[in-house]
Amino acid sequence: MSSDLGYANLAHTVPLWQQVRPDFPVTERLIYLNHAAVAPLVRPASDRMRWLAEDACLHGSLHFDEWLAAYESLRTAAAQLIGAHRDEIALVKNTSEGISTVALGLDWKSGDRIVAFREEFPANMYPWQRLAPRGVAIDWLSIYDPLDAIDRAARGAKLLAISYVNYLSGHRVDLNAIGEICHRHGVFFFVDAIQGLGVFPLDVQKAHIGALAADGHKWLLGPEGCGILYLRREWLDRIEPVEFGWTNVAGFADYASRDLTLRRDAARYECGTLNTIGIFGLEASMRYLLMTGIERVGEAVLALSAQLIAGARSLGYEVLGENHPNTRSGIVTIRREGTDSRLLVSRLKDAGIIAAPRQGYVRLSPHFYIAPEEIAQVLEQLSEPPLGRAVTTI
Ligand SMILES: Cc1ncc(COP(=O)(O)O)c(C=O)c1O
């Protein structure tokens, strides 16, 4: 890793965003508030990926040992990040593959019931809905429902699936409380963690999580197409690997073997050659965040989102969701009567500010390296009268 943050000396004098700034060259050109979509790579991730590209160009697979070391290091980093064991981590190509692995691999029976949530991103809906032909029903709740509604719905259910942080409103659920309910009722607890992992602490033991999936390209500051799937150890023998190839089996290194015995760990869900360059990137970005400290990252992100919410409200914007300090995240989603969100996003872009139009709103998602002064600049842009023809938003 290229950066030595030297926190011991700086911690009390220089704000965190300023300490880490050299690791985010994107800040030289843009105010990047789109981590809920695709993050810029943190410098060490980009360095590692460039190193691999060059090494593979010059030497092919000669340094394969380094590839194996990167795979192992990503497994242990991911385990550390969520309080798991490296045996419980599979390397996957995205969140959806992780979710599908669980949805397709569980032993469903006609009459089984799932608790799911209306506001979810499709990745955490469609795989469960596709189980309908097997006789699996879904109880739809809202992520804003009180815990006792979740408690009632969970009774007798087989699985509950929710996102740590909602992709649109940024609502962050209390995983420990929902996990306790699932544990008490014997419900398998699945978490789509992509909008929270890397920013907020997450402990799979404390939250009684059965499985969790997240790609690395958002808050983890890694590349696209490389993610993790956590599967609690006791479920490994109860979730069938559905995607199957030569690497799911214990003897995969012996090509003459015809033994189908599965690998003993969660790597049994890995089907074929891995995304080595992606793994190099994600390993570096995850270790970077671990070294920085997730608590400190989360505090910085919450301070930025609080600043955005207060500023946007004072400018007459409606802020989507509850925005209670305990349920807030790095996502702030706003709209204003008479302001077309697409026009606004494009005007922000002209000013070098990257945000996303989402369902009639503007979604802003700053990570911890953004300066409070930059949020002030964004608010200044938001205060400008609407550009072009006024269009009523939904
Ligand atoms: C909650 C949630 N889940 C999943 C994804 C993406 O899934 P995948 O990693 O499969 O592309 C997103 C992306 O916006 C998301 O917000």
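**Figure 1. Leu81 in helix α4.** Leu81 is buried, with a relative accessible area of 9%; buried means under 20% relative accessible area, exposed over 50%, and partly exposed in between, with a 1.4 Å probe and protein chains only. Helix α4, where Leu81 has its place, covers residues 64-82. Helices (H or I, at least four residues) and strands (E, at least two) are DSSP runs, numbered from the N terminus. Leu81 and Asp192 are 111 residues apart in sequence, and their C-alpha atoms are 15 Å apart in space. The model shown in every view is predicted: local features need pLDDT of at least 70, side-chain atom pairs count only at pLDDT 80 or more, and totals for chains, interfaces and linings use all residues. Residues are numbered from 1 along each chain as its sequence is written, and side-chain values use heavy atoms, with hydrogens and water left out.

Figure 2. Leu221 belongs to the loop between β7 (211-215) and β8 (227-231), and it is buried at 0% relative accessibility. Gln359 is partly exposed, at 44% relative accessible area.

**Figure 3. Aromatic pairs.** The whole structure contains 12 aromatic pairs. Rings of Phe, Tyr and Trp (its six-membered ring) pair if their centres lie within 6.5 Å; planes under 30 degrees apart count as stacked, over 60 as edge-to-face and the rest as tilted. Phe121 and Tyr167 form an edge-to-face pair, 5.1 Å from centre to centre with 70 degrees between the planes. This pair links distant parts of the chain, 46 residues apart: Phe121 is in the loop between β3 (113-117) and α6 (126-129), and Tyr167 is in the loop between β5 (159-163) and α8 (175-185). Phe121 is partly exposed at 41% relative accessibility, whereas Tyr167 is buried at 13%. Trp246 and Tyr255 also pair edge-to-face, with 5.8 Å between centres and 85 degrees between planes. Trp246 is partly exposed at 43%, and Tyr255 is exposed at 63%. Elsewhere, ring pairs join Phe24, Tyr288, Phe368 and Tyr369 into a cluster.

**Figure 4. Arginines over aromatic rings.** A charge sits over a ring if NZ of Lys or CZ of Arg is within 6 Å of the ring centre and within 35 degrees of the ring normal. The charged end of Arg172 is over the ring of Phe200, 4.2 Å from its centre. Arg48 lies over the face of Trp51, 5.6 Å from the ring centre.

**Figure 5. The second largest cavity and its lining.** Two cavities of 30 Å³ or more are found in the whole structure. On a 1 Å grid over the protein atoms alone, a cavity is a set of points where a 1.4 Å probe fits but cannot get out, and lining residues have an atom within 4 Å of a point. The second largest cavity has a volume of about 40 Å³, the space filled by probe spheres set on the points, which are joined across faces, edges and corners. Its lining includes Tyr144, His171, Glu322 and Arg328. The lining residues divide into two nonpolar, six polar and two charged; Ala, Val, Leu, Ile, Met, Phe, Trp, Tyr, Cys and Pro count as nonpolar, Asp, Glu, Lys and Arg as charged, and the others, Gly among them, as polar. Domain 1 (2-32 + 294-382) and domain 2 (48-291) each supply at least three residues of this lining, with domain bounds from an automatic or database domain assignment.

Definitions and conventions. On a 1 Å grid over the protein atoms alone, a cavity is a set of points where a 1.4 Å probe fits but cannot get out, and a pocket is an open set with protein on both sides within 12 Å along at least five of seven lines; lining residues have an atom within 4 Å of a point.
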